[in-house]
Amino acid sequence: MLFLHLGFSLLALVAILAIMLLPKGRMAHRWLGRIAAGALVLSALSSFGIQARGHLSWLHILSVVTLVNVAWAVWAIRHGRVSSHKRAMMGSAGALFIAGLFATFAPGRYLYGVFFG
């Protein structure tokens, strides 16, 4: 489950970075946004299969927030609320980045072991 979670997280990160570099409102933005939203949702859902000591941790709150935030962002853009959509997606992108930093630099985490032995 961990590798599935990492894969979806990396896919979301790459799609979000591409979205930030491309012009907004075009077809590429829309398709990359769908990919990013789907990857964020699948990353959040897969996180529930990763449990420390047999139970969920406080980090799983971020997964719930991500699921709600992405749903809100999709609803907002479908109803013409572009600024709400942008805030929600930027919030999800920021949370993904912060979670990635935490996963990489917190001792005892899998990625910390991969990068720092």
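# Core and pockets of a predicted model

Colleague: Which residues in the largest nonpolar core touch the most other members?

Modeller: Ala12, Ile16, Ala36, Leu40 and Leu96, out of 14 residues in that core. A nonpolar core is a set of buried Ala, Val, Leu, Ile, Met, Phe, Trp, Tyr and Cys residues joined through side-chain atoms within 4.5 Å. Buried means under 20% relative accessible area, exposed over 50%, partly exposed in between, with a 1.4 Å probe and protein chains only.

Colleague: Which helices supply at least two residues of this core?

Modeller: Helix 1, helix 2, helix 3 and helix 4. Helices here are DSSP runs of H or I, at least four residues, numbered from the N terminus. This is a predicted model: local features need pLDDT of at least 70, side-chain atom pairs count only at pLDDT 80 or more, and totals for chains, interfaces and linings use all residues. Residues are numbered from 1 along each chain as its sequence is written, and side-chain values use heavy atoms, with hydrogens and water left out.

Colleague: What does Ala36 touch?

Modeller: Ala12, Ala15, Ile16 and Ile19, not counting residues up to four places away in sequence. Contact means heavy atoms within 4.5 Å.

Colleague: What lines the largest pocket?

Modeller: 38 residues, with His5, Leu59, Ala99, Ala103 and Arg109 nearest its centre. Helix 4 gives the largest share, 11 residues.

Colleague: And the second largest pocket, how much space?

Modeller: About 690 Å³. It has 20 lining residues, and His29, Gly33, Ile77, His85 and Met89 are the closest to its centre. Helix 2 supplies the largest share of that lining, six residues.

Colleague: Where is His29 found?

Modeller: In helix 2.

Colleague: Is His29 buried or exposed?

Modeller: Buried, because its relative accessible area is 17%.

Colleague: Which residues does His29 touch?

Modeller: Ile19, Pro23 and Lys24, leaving out residues up to four places away in sequence. The C-alpha atoms of His29 and Ala15 are separated by 9.4 Å, and the two residues are 14 residues apart along the chain.

Notes: On a 1 Å grid over the protein atoms alone, a cavity is a set of points where a 1.4 Å probe fits but cannot get out, and a pocket is an open set with protein on both sides within 12 Å along at least five of seven lines; lining residues have an atom within 4 Å of a point. Grid points are joined across faces, edges and corners, and a volume is the space filled by probe spheres set on the points.
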